[in-house]
Amino acid sequence: MNENFEPKIAAFVCTWCTYTGADLAGTSRLKYEPNVRVLRLPCTGRIDFSLVIKAFENGADGVLISGCHPNDCHYNAGNFHARRRFAIFRKLLEFTGIDPNRVQFSWVSAAEGAKWRDVVNAVTDEIRKLGPFNEYQKLIHDSFPFRHEDSGAEEISEKEQVENVK
Amino acid sequence: MSNDIRQIAHALLSEGKVSSVIGYAEGSLKGRVQTLIAHTAREAEKFIFNENCVNNLAVYLTKSYGLINKDKPAAVFLKPCDIKSVTALIQEHQLRREDVFIIGLSCQGVKNGNVMAGKCMGCSIHNPQYYDAIVGETVEEKEPGISDPFAKVKEIENMTTQERWDFWMEQFDKCIRCYACRQACPLCYCEECIVDKTQPRWIESSSHPIGNLSWHLIRAFHLAGRCTGCGECDRACHQNIPLSLLNMKMGKEIFELYGYRPGMDTEAKPPLTEFKMEDSEEFIR
Amino acid sequence: MQLKLDNNVSQFAEEIESLSGLKVYDCYQCGKCSAGCPVGQFTEESPTRLIRLIQLNQKEAVLNSRTPYLCATCSTCSERCPMNIDVAKIMETVRILASREHVKSPVKEVAAFSGAFLDSVKSNGRLFEFGMTISFNLRNLTPLKDAMLGPVMLQKGKLALWPRSIKNKERIKRIFEKSSYFEPRAESTGKKEH
Amino acid sequence: MAYGYYPGCSLHSTAKEYGMSLMAVCRKLSIELNEVEDWNCCGATPAHTTKEELGIALAYSNLLNASRQGLEEVLAPCAACYNRLKTAKYALNHSELLQKRMDEITGGKVEHEVKVFNILEFFRDIYGQDNLKAAILKPLAGLNVACYYGCLLVRPSKVVNFDDPEDPQSMDELIRLLGGTSVNWSCKTECCGGSHAIPETDIVLELGKRIFSSAQSAGAKMIAVACPLCQANLDMRQHQINEKYKTDFKMPVVYITQLMGLALGISPVELGLNSHFVSTGELVKQF
Amino acid sequence: MARIGVFVCHCGENIGRTVDCPEVSRRAALLRDVFYSVDYKYMCSDPGQNMIKDAIREHGLTGVVVASCSPLMHEKTFRRAVTEAGMNPFLCEIANIREHCSWVHEDRKAATDKALDLIRIMVEKVKHNVALESIRIPVTKKALVIGGGIAGIQAALDIADGGKEVILVEKSPSIGGHMAQLSETFPTLDCSQCILTPKMVSANTHKNIKLYTYSEVEKVSGYIGNFQVTIRKKARYIDESVCTGCGICQEKCPVKKIPSEFNEGLGMRKAIYVPFPQAVPNKPVIDREHCTKFINGKCGACEKLCGPKAIRFDQTDSFITEDIGAIVVATGYDLYTIDKKTDNTLKGYGEYGYGKYPDVVSGLQFERLVSASGPTYGELKRPSDGKTPETIVFIQCVGSRDAAKGVSYCSKICCMYTAKHTMLYKHKVHNGKAFVFYMDIRAGGKNYDEFVRRAIEEDGAVYLRGRVSKISQEDGKLVVMGADTLSGAQVEIKADMVVLATAIAAQPDIVPLAQKLGVGYDQYHFLSEAHPKLRPVETNSAGIFLAGACQAPKDIPEAVAQASAAASKVLGLFSSLELEREPYVAKVNENTCSGCEFCLMACPYNAIERREIKNRRGEVIKTVSYVNEGKCQGCGTCVSICRSKSIDLMGFTDEQVYSQINAMFV
């Protein structure tokens with residue numbers, strides 16, 4: 001583990017509670033770690049476990065899933081379904097040797113700007129402690145020998161354009 | 001016993017009660033059996049049942065084999081454990097109850113190769129519970145051959161995270177993505193498997209580490225709360241990847257968390273399609 | 001009267017809860033227990049008030065109250081409590097706790113009676129009313145109480161003069177020695193029954 | 001028919017007529033009662049208000065003896081004993097920890113469940129009302145009885161789980177079955193202060209007065225009980241009540257088994273009806 | 001080939017301070033498929049919006065990403081803008097670089113990098129966006145109101161006055177509900193029927209209201225704006241079109257001794273009856289349980305004597321189906337049963353002897369006893385012997401706030417109506433004394449506490465704080481054993497009559513109806529509102545609203561207020577020709593769907609139905625799932641449940657999300 005390593009964290013959140021709560025954190029000018037990239041979905045019910053796998057395949061060191069507290073779901077039950085899905089999925093990850101702490105789950109309501117800050121900081125901190133997801137990175141490397149680790153996306157060489165478009 | 005089997009198959013076909021009878025027949029190799037799908041009473045003479053009949057014939061009831069949805073039901077010989085698969089198929093609307101005629105076989109356990117099959121060692125139901133007809137006298141119910149069917153699962157659970165990772169990476173590394181596991185599984189009936197989906201492609205199709213890991217994770221999860229533990233995936237895998245361990249683990253967790261056992265009730269709601277307010281959420285911040 | 005309260009206000013209530021397995025703070029002071037208490041007119045603190053005092057950490061006042069000793073253990077209160085609190089059990093708990101902490105019973109007759117009763121049982125395995133009544137009256141320093149009843153009862157053959165002991169007295173001795181004040185309770189006490 | 005029988009201390013002394021009448025009735029109905037061997041006192045109120053475990057243990061050790069004797073159904077005519085035995089069973093069913101303790105304390109374990117019945121349950125559910133009806137020789141015609149259940153038969157209802165704790169009916173049914181009339185009154189389950197019979201006389205006098213006046217105003221000629229404590233209290237203290245409150249109650253307090261006996265044609269003496277404080281002459285005359 | 005435009009907003013200093021906007025826009029221009037990128041001080045300003053419009057026209061952009069504040073702020077603004085430039089609004093996405101970036105980070109470099117990431121993610125998404133059309137649902141401008149109590153009547157009248165058609169369904173023979181049973185109402189003591197009757201009449205005569213009494217909702221299908229409702233019209237055995245309501249039948253009917261529901265069993269009615277004089281409609285109904293004609297074929301007096309020949313013994317239940325746009329549920333409440341349950345679950349208030357002592361009555365029974373239209377014509381006589389009670393005891397919280405024998409909640413209205421009862425009592429029995437046992441006095445509301453004080457100060461009601469343990473009967477008196485916890489004493493009152501303020505309970509038969517409607521309910525079977533604070537009259541089923549005590553215990557003012565609120569919701573819904581909804585709904589790929597129906601089981605809205613795929617010969621080849629756009633709210637639960645990815649959610653499709661993830665870290 002290394003303290004000055006900056007983890008890459010993908011966050012999948014629901015529009016109605018967590019995304020709005022994160023907006024509130026902003027309007028309240030709360031400060032938190034910049035490591036999280038938020039992807040907005042209507043509901044945690046929409047968050048398929050394969051999104052998590054995809055995130056790891058794309059180099060995420062950790063994943064955060066967040067939605068409405070039980071009984072607050074805008075769609076009544078989406079979060080309940082998600083809760084079961086990820087309770088089981090975590091067990092699968094654990095069983096296959098992936099530290100379940102790399103997939104974090106939280107309830108953050110539209111009123112909990114401060115909680116969003118705390119969650120982001122805590123998760124970033126925890127993933128930082130776990131260190132880079134080297135095991136998965138290695139798989140990626142072995143699978144895609146041609147994919148450059150940090151091609152800054154912009155300034156893409158013609159070759160890669162072709163690579164990626166096909 | 002084989003006599004009763006032929007009789008009932010013969011009767012069903014000659015009386016035109018069923019469109020076909022799916023059962024076991026002597027295989028070309030000694031000690032091996034093959035699947036026989038009889039459409040005429042004459043063919044029924046070939047049916048047998050013995051300790052080598054390890055395979056789960058329920059898979060032939062999936063739509064792709066085209067044996068169901070006829071004007072008459074298809075009859076099938078099933079061991080008590082195989083019946084669970086049929087229950088699941090009915091529960092998941094892949095099979096109408098009236099489209100199948102279940103001939104239950106009492107079973108003392110069967111062999112995989114020349115050793116008793118793993119699923120039989122943990123088995124505690126030896127007589128059919130859900131059937132249209134039953135052949136063979138009921139055998140006495142006995143405790144599982146082994147104390148703990150989950151022993152191997154627990155062994156892995158007790159490894160360190162790193163050890164587990166290494167263990168599975170070694171296993172998955174062997175995978176050549178032939179999808180025999182999918183083919184053999186009665187519950188892998190999707191008309192288009194997610195792995196064949198290209199827009200977008202969720203699972204890398206080539207058998208490199210990333211693709212293999214994703215495939216086996218997704219396969220295991222898609223069977224969570226559904227797998228009835230017939231073990232056909234294990235048998236089908238020429239690379240000897242212990243696939244059923246993943247399914248067993250899922251089954252274990254589902255039962256511990258939600259008290260659900262697959263293949264028991266055609267009316268039950270699959271555990272991942274429902275929820276309870278009081279479901280555990282210790283892992284949620 | 002003035003109550004001095006601090007952050008330990010729920011200490012005593014918690015003690016009672018863990019000893020009895022009941023939920024003291026479920027009581028919202030409706031007074032139904034007091035309303036139906038057969039000995040209500042003979043007590044200073046009503047059950048309602050006693051529970052209130054427990055909620056407010058007034059251990060001394062509670063352990064010295066006469067109410068738990070005058071309680072006839074008729075369970076009318078428990079039967080009718082809208083919050084399913086076994087009030088009679090709270091009375092019992094207070095009484096036992098008091099004797100465990102050697103608080104002198106404010107109702108000496110009751111204490112004396114219990115003592116005499118249990119002595120009789122301890123030594124004979126069964127109750128020996130005549131001897132018991134006498135020993136109670138001695139303990140209670142009212143040798144002649146109910147004296148007029150005695151002879152009548154004898155004549156009606158209702159008081160046996162000689163104790164009919166049981167065979168296996170060891171068993172009783174053992175019970176008296178080994179029994180502790182409260183039954184063991186797991187951490188998560190006070191499961192309410194509906 | 002043979003059943004286990006736990007007399008408890010009173011039925012051999014203060015409530016001897018309860019014991020006598022019960023025996024007489026059983027003889028008449030050829031019911032065989034096997035006394036629990038070497039039974040001990042249930043502990044009554046003093047035990048469980050002194051030490052929680054003592055109260056349970058004393059009762060438990062009787063269940064233990066019963067089970068060792070192979071008794072599965074035990075009749076406990078004394079309401080107090082009945083209540084203690086039921087309480088012990090209830091407590092043990094709800095706590096494994098307690099069960100362990102009891103095994104330590106009594107040094108034994110109940111092998112099989114021992115069902116405990118009070119007198120009313122026994123004749124209603126075990127012996128059967130029809131059988132009883134068939135055996136009646138002298139119906140209790142014109143007898144106005146106030147059925148008094150007291151506390152311990154019906155409370156706490158979740159423990160004894162026997163009859164409606166507010167308006168029980170089983171004794172009234174029995175009286176009607178015997179050809180008598182059960183009056184509708186409101187003190188059926190009021191407490192008589194039994195456990196204070198000796199120490200706190202004032203209380204029992206007050207409570208007793210309430211019960212008598214209620215029974216009287218309901219037109220009852222006598223009170224039927226199934227509890228030695230209630231009987232002793234109400235019977236022994238009646239004249240004290242009359243003295244203290246300047247009342248004039250002359251209300252026999254009889255055991256339900258004594259009334260059964262009369263209906264079955266058993267002689268009053270055999271039923272111990274002569275050993276009451278308040279004369280039962282009026283009643284006896286009719287039989 | 002996609003041509004994406006990126007528009008980076010400084011939001012004055014708000015974004016610009018921490019995010020290097022020009023730098024971000026410069027680097028965004030280098031992203032694949034980005035053909036235009038610019039930064040500007042205020043993108044939401046007119047000049048800003050014009051920049052977007054112009055760019056779309058000049059560069060023929062196929063998608064737009066605005067990097068600015070939260071989409072919840074200005075997504076609509078910018079989508080409107082692109083529409084004006086001829087682009088489909090759903091081809092415009094927002095990258096939130098303010099709330100999620102500039103405002104929450106301090107390190108300029110980190111913030112700038114993150115801003116670019118967020119833009120890249122949205123660029124990748126918008127590349128896979130497709131033009132969508134908002135869903136338009138036609139609205140049937142006819143409302144169904146279930147329940148003809150005060151709430152239902154009010155809602156019906158408001159909607160009808162709003163010029164829309166209303167179907168009002170009431171299960172009993174007359175509308176009016178519980179309010180019709182009340183004598184006077186708090187906190188003003190005006191006569192209940194004086195204020196209610198006119199409303200009942202106009203509900204019956206209003207040209208926009210179709211009234212179905214003695215009828216129940218049998219079946220509900222469809223969705224907001226498009227419900228189909230089947231109503232069962234129970235047989236009255238009367239031809240209402242012919243009956244003149246003269247009442248001769250009721251007069252001559254020989255079967256007299258049937259406890260009247262309207263009088264809470266305190267009065268009697270006939271086998272053919274109009275529940276009460278002011279009933280609407282004023283048409284009788286035959287109670288076939290008790291009617292001699294139905295029992296043994298004899299009698300038929302009513303038939304013989306009916307002038308207009310309106311009696312129809314052969315009548316059967318009939319069914320009416322109506323197209324409905326919105327539904328108001330106003331089914332009201334019932335009283336908690338005080339007496340011991342028959343199933344012998346040692347519950348019920350045996351200790352109060354209700355049902356055993358005739359002079360122990362419920363609050364509603366007391367209303368009937370003091371009501372001018374009641375069995376005693378408003379003279380207070382106790383049921384047992386008709387004597388006027390000189391001492392009366394009121395007991396509050398009977399069943400309420402009682403976890404052991406009743407319900408844990410507070411029934412809310414008892415404190416007030418008990419105070420009212422003491423006044424009504426005092427006004428009728430001047431020398432009488434009223435005692436009230438209470439636990440707390442809950443009199444929040446305009447002029448409510450004043451009202452209770454009046455009962456105590458002017459009408460001399462004696463309030464005692466404590467529950468009653470037991471009521472017994474001695475020498476013709478009811479002995480009330482209570483407590484006054486304020487003095488710490490036991491209280492014994494010898495009363496002539498006792499009134500129990502019994503808990504408000506949900507309608508016993510509400511659950512099946514709730515399930516027909518797809519409306520949630522709580523553990524006590526009160527119906528659930530969509531949001532306890534912000535959507536109190538809506539339910540989670542779009543187009544279905546709540547009014548009155550079916551949601552929770554309510555008094556008349558509250559019930560009426562909620563009814564009007566529900567009505568205005570309905571009128572609001574009806575004010576538009578069509579409903580417009582964001583097109584974020586699930587779609588099924590019928591080619592790959594294998595019909596396992598997991599989605600169908602998981603959908604929180606029952607929006608997924610079965611559809612049979614037939615071949616040319618009309619034979620069913622397979623059954624697949626089908627999403628009802630009207631019902632689908634777009635949560636996407638089905639998408640995650642589908643193993644073969646045969647369901648997708650418009651606006652958040654697999655492809656969009658997938659490419660977003662791919663673009664997250666590079």
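Keep in mind it's a predicted model, with local features needing pLDDT of at least 70, side-chain atom pairs counting only at pLDDT 80 or more, and totals for chains, interfaces and linings using all residues. Side-chain values use heavy atoms, with hydrogens and water left out, residues are numbered from 1 along each chain as its sequence is written, and chains are lettered from A and ligands numbered from 1 in the order in which they are written.

Where does E:Glu529 lie? In the loop between helix H14 (510-517) and strand S29 (544-546) of chain E, helices (H or I, at least four residues) and strands (E, at least two) being DSSP runs numbered from the N terminus. E:Glu529 also touches, among others, E:Arg535 and E:Leu546, contact being heavy atoms within 4.5 Å.

Now the sheet. In chain E, 5 strands make an open sheet, ordered S10-S7-S6-S18-S29, with parallel pairing. S10 (209-212) and S29 sit at the edges with a single partner strand each, so one side of each has no neighbour in the sheet. Further in, S6 (residues 142-146) and S18 (residues 326-329) of chain E pair over 4 bridges; pairing takes at least two DSSP bridges. There, E:Leu144 stands opposite E:Ile327 in S18(E).

Conventions. Lists of a residue's contacts leave out its neighbours within four places in sequence.
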